[in-house]
Every structure is written in structure tokens, then in C-alpha cells.
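Below is a short briefing on one structure. Read it with the sequence and the 3D view side by side.

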Amino acid sequence: MKNIITIAKKEWRNYFSSPVGYVFAGLLLVVVNWLFFSNFFIGGQADLNPYWSNFSLILSLFVPAISMNLIAEEKKNSTWEVLLSLPINEKELVLGKFLGCALYLLFTILLSLPVIITVYVLGKPDVGLIIGGFVGILLLSLSYLSVGIFVSSLSNQAIVGFLGSSVILLVNSLMGQEILLSRVPSFAKDFIGGLSVNFRSANFSSGAISIGDLVFFISWIIIFITLTIISLKSRNK
Amino acid sequence: MLKVENINKSFKEKEVLKDISFEIKKNSIVGLLGPNGAGKTTLMRIIVGFYSASNGKILWDGKKVDTRSEKHKSRIGYLPENNPLYMNLTGGEYLEYISELKQISKEEIKEEIFKVAQQCGIQNVLSQQIETLSKGYKQRVGLAAALLGDPKILILDEPTSGLDPNQIIEIRDLIKGLSKNKMILISTHILPEAREICERLIIINRGEIALNEETKKIKNLEKKFVELTA
């Protein structure tokens, strides 16, 4: 556990030791808030659903961008060779990187609190919906991150990590959209839609928190983290 | 004593190491020579636990070790080829990070960093970002990181590669000084360097040991090297 925390601390520091971390977080919030408030006063409703929907859309680009370097850069610079010659293993390395980046994502999501408070003051939306939205977006971002770290481990080129995870997330997002679901046979609709993390996350923001969705998110994250560990171990082959 | 016994390594169908056996005695420097692609780096990576061997074993004082275990890794200080470092950190931050990962206790980290910094002559550049250091100083930072935790064996993969002649002499003297209480396995392309600092030389060619001999017994190393690796 100590190694995981040490690596997480370094990752966390990485985001704030250069302007990149601040610029990314600032840009994400500016775009999400602009999209939300451009229609907010026209609708005249204190509804946060569009906010979470915009957030999840922007996160599908933001998370691949901040996770593309996580393992790829270690591979490119051969620093993973130093790390894995120390008394640490692949699992600790991956979990440390995941935790550090997850904390940065949590920090970024928490920066949206002033918006939530403003909407709450203006229209008193249901607190359960607000909490559900927060939990949903957090689980969604962690799911995106697990894909990002996995794709980052497949190559030593950050751009491959970015494009690869963006494509996976785009396809997964489409699986929850009516535009695709309307073209699949009705018996497969629920199954395909249920595999979409966006679809599951939307359940949270509409207040429908279910154990099934929670298990789905946790399983998704565990599967991609395990794949990342397997990918690192495959250097021996 | 570290003993490498009948190590084989294959990647997919390609056999890169064939039946490699040798030993490194206490307080000695063993040189690993060979042309590019001979398998030197792969062998070093197996010893430090980065790769696992397809066959064969590593023994420590006569007992077989799991090279991926914490116990084995904590005995080893490793400086990989091209000296990978985190350029955005200062020398001090980097050494602190490596110390923590080497499980050095919080109370001892400062003292340990001070000790290795003094050994490698980098006390004055610890607060400087690694990216801004000269190649010689970067190499010293990498070496200092390998020395953290007082490992019993040092594995140095081409530690003088890319350095200017003055820097080569400095690093070479440093390595010689370290061998007083450590086992060192060093790979190099520079034959005079190998002859000067190593007690024993191992020449690897196409994954096999072509020569394993005490340095003083090898006459005309350059000629021998060409004969064995042509």
C-alpha cells in the first residue's frame, strides 16, 4: 500500500507542477459551464441533468488527454525499467498511477461545486439528484480513466493512448444512444445499452441508483486495471 | 556471492540467451562485453527482476532466489542503459522518490540521500531540475539512485556511454571506489575501460558466453574480442 501511495503522490504532483493540470481543469470547467449556462436561463428550470450530460461528453475527451501519458511515457523514457527493478510490482505501479490520476479527476469534478450551489440557490433541485449526479460522474470518470490507463500501457506513444481510448469511449458512448440502439434487434437492445458507461451514469443523475449499476462500474474498472497489469507483465513474452 | 546458472531467455520464437552461467564474487567488478544485440541488457534485466528467465536460476549465497521478490530487489542497485530519469523533478526529489520506493524509512531518507549525494559528488545540484543538468551530472544522479539503500550488488548498463572523456574518467573512478564493498556487474563497449576496472570479463556473442576469464589472463583483449564476436 505504501508504494501505491508514493506513486499516487508523484502523479498528483505531476498535474500541478506544470501549467498542464490547471489548464486542463480550467478548460474543462469553462466548456462545461458555457454549454450549460447558454441554455439554463431559457429553460427556466433548475435541472442539473444537462450539466451532467455535458460533463460526461467533455470527460470523454478530457480523461484520454490526461491519462494518455500515464504508462506510455514511463515506457518511452524507460523509467518503468527503473521502477520495476525496485521492490514494487506491476499491480502497485498501475494502482498508484490510477489513484493519483483519480484524485486529480476528483479535484476537477469538485471544482464544479460553485455551479451546483448556484443552481441549488436558484431553484432548490432535489438533493438526492445532485448527489446521484456527482456519484454518477465520478464513477463515469473512473471508468474512463481505467480505459485510458489500459490503452496507455499498450504503446509508448502518448498519441496512441489518446486516440485509442477516445475511440473506445466514443464507441461505448454510442452503444447507449438511441441512434444506434434503434438499429439493433429489440432482444439485444437492453444488453448493448447496458454495456454503455454513459447510459449507466445517466441512471445516477436521474436519481435511479441501483446496485446493478454500481457493480457494473466496479467490474468495468477492475477489468481494465487487470488488463493493464497483464499488459505490463506481457513484456516478458 | 551472486551466481547465474544456465539462464535461457526467449521472446516468442527467438532465443536471445542460451545457457548463460557465471558468478560475481564479493568486492569485485565483472565486465560484460559484447556487440550490440548480444543479450547483455536482457541478461541484466533478468538479474534485476525486470524480465524473468525462460529457464535457469539465480542464486544468492548458494540459495535460489525469486528475482521478482522484494528481498532480491532490495539487494540490487540498477542503472539501466541511457540512464532513464524524471526530467521534471530535481535531483533531490528524484532521490527521495526512489528512496521511498526502496522502502527506506522516512527518518533515514535525508541521511541516505546526503550519503549517496556525497559519494557521487552531486550535493550542490540536488535542488536543480534534472533536465538542466549536464550529462555527467545526470549519470551521477542515476548512479546515486542505484546506491540508495546500500545495495549489495550494482548492475550498471553502459554507465559511461555518451559521456565526454573527463566525465568517463570521473564515473569510472567512482565505480572503482564503489567496488570496495560491493559486487558490480557492468556492461560496456569500451574495451580499455573494461580492462582497467574489471577483475573478470565475460564476452557474450549471439546470446552465448564466448569467454569468461580473469582480466589479467587475457592477452590482447581487442584482438580476442574481434575473433570471438566476428
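In this predicted model, chain B holds an open sheet of four strands in the order β2-β1-β4-β5, and the pairing is antiparallel.

- From one strand to the next, the twist averages 30°.
- Strand β1 (residues 2-11) of chain B and strand β4 (residues 55-60) of chain B run antiparallel and are joined by five bridges.
- Opposite B:Lys3 stands B:Leu59, a residue of β4(B).
- Helix α1 (residues 40-48) of chain B packs on the sheet, where it touches β1, β2 and β4 of chain B. The direction of this helix makes about 120° with that of β1(B).

**Where chain A meets chain B**

- Chain B gives 23 residues to the contact, and chain A gives 18 residues.
- On the side of chain B that touches chain A, at least two residues come from each of α2 (70-74), β6 (76-79) and α3 (91-101) of chain B.
- α3(B) supplies the largest share of that side, four residues.
- Sorted by class, the side of chain B that touches chain A has twelve nonpolar, six polar and five charged residues.

**A helix pair in chain A**

- Helix α3 (residues 49-67) of chain A packs with helix α9 (residues 158-174) of chain A at an angle of about 155°, and their axes are 9 Å apart.
- Because of that angle, α3(A) is roughly antiparallel to α9(A); angles over 145 degrees count as roughly antiparallel.
- The crossing of α3(A) past α9(A) is right-handed.
- On α3(A), the contact is made by A:Ser60, A:Leu61, A:Pro64, A:Ala65 and A:Ser67. The residues of α9(A) in this contact include A:Gly161, A:Phe162 and A:Leu169.
- The contact of α3(A) with α9(A) has six nonpolar residues, six polar residues and no charged residues.

**One residue of chain A**

- A:Val23 lies in helix α2 (residues 19-43) of chain A.
- Is A:Val23 buried or exposed? A:Val23 counts as exposed because it has 10 C-beta neighbours inside 10 Å, and a residue with 12 or fewer is exposed.
- Between A:Val23 and A:Pro87 there are 35 Å in space, C-alpha to C-alpha, and the two are 64 residues apart in sequence.

Definitions and conventions:
Residues numbered from 1 in each chain as written. Chains lettered and ligands numbered in written order. Predicted model: local features only at pLDDT ≥ 70, side-chain atom pairs only at ≥ 80, totals over all residues. Axes fitted to C-alpha atoms, helices over the stretch in contact; angles between N-to-C directions. Parallel < 35°, antiparallel > 145°, perpendicular 65-115°, else oblique. Left-handed = near helix turned anticlockwise from the far one by under 90°. Contact = placed C-beta atoms within 7 Å. Nonpolar A, V, L, I, M, F, W, Y, C, P; charged D, E, K, R; others polar. Pairing = 2+ DSSP bridges. Buried ≥ 20, exposed ≤ 12 C-beta atoms within 10 Å, placed from the backbone.
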